[in-house]
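Please walk me through this structure, from the whole chain down to single residues.

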Amino acid sequence: MKKNNRLALALCSFLSVVTPTVGFTEAAYNTGVHRNLFTEMNVANSTQVTQKVQSAYQQLFYGEPNNQALMFDHGSDMAFIKAVDSNDIRSEGMSYGMIIAVMMDDQAAFDRLWKFSKQYMQHQNGDLKYYFSWQLNTTEPFSMIDPNPAPDGEEYFATALMFAANRWGNGTGVLDYSAEANIILNEMVNKAPNSTIVPMINPQANQIVFTPNSGSEAYTDPSYHTPAFYELWSRWATQDKQYWLTVADTSRDFFTVAAHPSTGLYSEYADFDGTPKVTSFNPNSHLSAFDQMRTIQNVAVDWAWFEKDSRAIELSNRILSFYHSRVNGYVTVYTMAGEPQVDYRMEGHVAMNAVAALAADIPEARDFVTDLWELPVPTGTYRYYNGLLYMLGLLHTSGEFKIYKPQSGSSSSSSTSSSSSSSSSSSSSSSSSSSSSSSSSGGTSSCTGVNSYPDWVSSDWPGGPANHNESGDLMQDGGKLYSANWYTNMRPGSDASWSLVGGCDSSGSSSSSSSSSSNSSSSSSSSSSSSSSSSSSSSSSSSSSSSSSSSSSSSSSSSSSGGTDICLGINVYPNWTAADWSGGQLNHSEGGDSMQHGGNLYSANWYTKSVPGSDASWTLVGSCN
């Protein structure tokens, strides 16, 4: 009864506090902007951050094999991540390695790791079909030490594959990333249960299980809860979309009841109501120990990406306040009440606590970001777990762990609303391309005197270092002129925070392109621009997106000519089409949503709150007749 009461209280709490609040920035999923905590908190400049991220990746993936590297080649087209201290290969490490490779735009490494995982780790038949063995030997034939799965591996495999599909596009066979991701997700939910194996999501609790084996499926590992991933799957998976939203909300409730009320600590394992779990095989299972280091990362990233549950702010504040209050510094293992059990602090722990600053709003959060910045890249015997968490933490805190959305027209997203949005965006791009004179001012503009990347234009505060551009600021890079759509410290043209104005010619002028550069951006060398600018529409706007798709397509031959009334039934500004969360106020448009203003029909290129036609977030479809 006590356990049920705890969960009931959490659900009541959820109903009263889930309304999003304004954080440091709007949710990254909506804006495409991922915070760089190092520059934001004046710990380092953008050039230093870029160098640090690249250097860490090179060392951990391509460094000296005896003391630095984690990735080792197998044959000509495979590789594995080695757990050096335990001399084995783990699904955790392989899937972490893949998602890091996507963020670093290293498709060759990604494919080598995935091919190895597919061939040696993933079961292809039997009760465990499509689950992954969590532990292999490090020498051929790479036999399974334990054939059973650890679900965090499946979670990261599926998300890494989706990001790969969205950033690079799908290949064939095992490199059809989207198909492989959906196979994994389907088995996680719909695996046929028997006496030995069950789905990875407990259907009664709607929570990820510790392991889907009989006897271990009735409790969970708090660090396996990844609501930010579940939100993405609800948009991009081929099935169970609504269910993944339920699982995400359940995990947010779980984070609240599982956190110790004073220390904020999470246990290694827990019952579904958050009570620490005692097990016979792990003496640390009821303590705040090694797995739990990752839990606060999951809380903070979910807030940074979606801002659906403001309880994440207090949870992050609570746990960082506890660690900050330790007079002689914090350690890695505590009782839930805060009694230290070891006398050391792991490097991976430092990295995960820095990520908590994405949600925390206390001044002490900066100290944790600084700790990570000053921490050397892990080397030596214990570089596996520490090194991977270090790299994940560095990517999240630098803003380099990004949400790569499906490219416009891509089949990697099977959401009805996303498909409508993609069709509309594609049609709008065609219309814009064929009649750019109707939707842009034309002519040329000089690049002379415009800052060249990375000579930034703006500062975070008066007298501070110039470390970003504001909306409307111009910058040239690679012979092209770009305009910032919002606050950005990304390379011009690399994502949706930029619009291409034109190409600088030898005289220092720029040939102007359409004011909406989604078509130009998607053909640039970086695929992140197109993948970031195509947002998945919410259910509230799918009908609008569909209307936009058909009307945009039918009028693509002329963006200013009439014919039938293409605006019939389309929302008039400021009657918005989409909400930030289910049941929330309609306050913006998603990519592909249509809206009319001033007698014209416009299609949104991405999440936008601006007046239709006022900036590059809109494409002119045509004139209302």
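Axes are lines fitted to C-alpha atoms, for helices over the stretch in contact, and the angles between N-to-C directions run from 0 to 180 degrees. Helices (H or I, at least four residues) and strands (E, at least two) are DSSP runs, numbered from the N terminus. This is a predicted model, in which local features need pLDDT of at least 70 and side-chain atom pairs count only at pLDDT 80 or more, while totals for chains, interfaces and linings use all residues. Residues are numbered from 1 along each chain as its sequence is written, and side-chain values use heavy atoms, with hydrogens and water left out.

The chain has 20 helices and 19 strands. Of its 625 residues, 61% count as buried, where buried means under 20% relative accessible area, exposed means over 50%, and partly exposed lies in between, with a 1.4 Å probe and protein chains only. A contact means heavy atoms within 4.5 Å, and among contacts between residues at least 6 apart in sequence, 62% join residues at least 24 apart.

A pair of helices shows how the axes are used. Two packed helices are described by the angle between their axes and the distance between the axes. The axes of helix α13 (residues 347-355) and helix α14 (residues 365-374) come within 8 Å and cross at roughly 140 degrees. The contact is made by Val350, Ala351, Asn353 and Ala354 on the α13 side, and by Phe368, Val369, Asp371 and Leu372 on the α14 side. Angles under 35 degrees count as roughly parallel, over 145 as roughly antiparallel, 65 to 115 as roughly perpendicular and the rest as oblique, and α13 and α14 are therefore oblique to each other.

The expected span of a helix is 1.5 Å times one less than its number of residues. For the 14 residues of helix α8 (residues 177-190) this gives 20 Å, and the end C-alpha atoms are 20 Å apart, which agrees. Helix α6 has 15 residues and reaches 20 Å from its first C-alpha to its last, close to the 21 Å expected. In α6, 11 of the 15 residues are buried, so this helix too is largely enclosed by the rest of the structure, and Phe110, Trp114 and Tyr120 are among the buried ones.

Asp105, in the loop between α5 (91-103) and α6, has a phi near 55 degrees, a positive value in a residue other than glycine; at 44% relative accessibility, Asp105 counts as partly exposed. Tyr130 lies in the loop between α6 and β4, and its phi, near 75 degrees, is likewise positive.

Turning to the strands, two of them pair if DSSP finds at least two bridges between them. Strands β3, β4 and β5 form an open antiparallel sheet in that order, with β3 (89-90) and β5 (144-146) as the edge strands, each pairing on one side only. Two bridges join β3 to β4 (residues 135-136), and Arg90 has Gln135 as its bridge partner. Strand β1 (residues 71-74) pairs with β2 in the antiparallel sense over four bridges, and in their hairpin, which has three residues between the strands, Gly75 takes a positive phi near 65 degrees. From β2 (residues 78-81), Met78 and Phe80 point one way and Ala79 and Ile81 the other, and all are buried.

A further open sheet has the order β17-β18-β19, with antiparallel pairing. Its edge strands are β17 (594-597) and β19 (618-623).

Two cis peptide bonds complete the tour. One runs from Tyr453 to Pro454, with omega near 5 degrees, and Pro454 is found in the loop between β8 (444-446) and β9 (458-459). Another joins Tyr573 and Pro574, with omega about 10 degrees.
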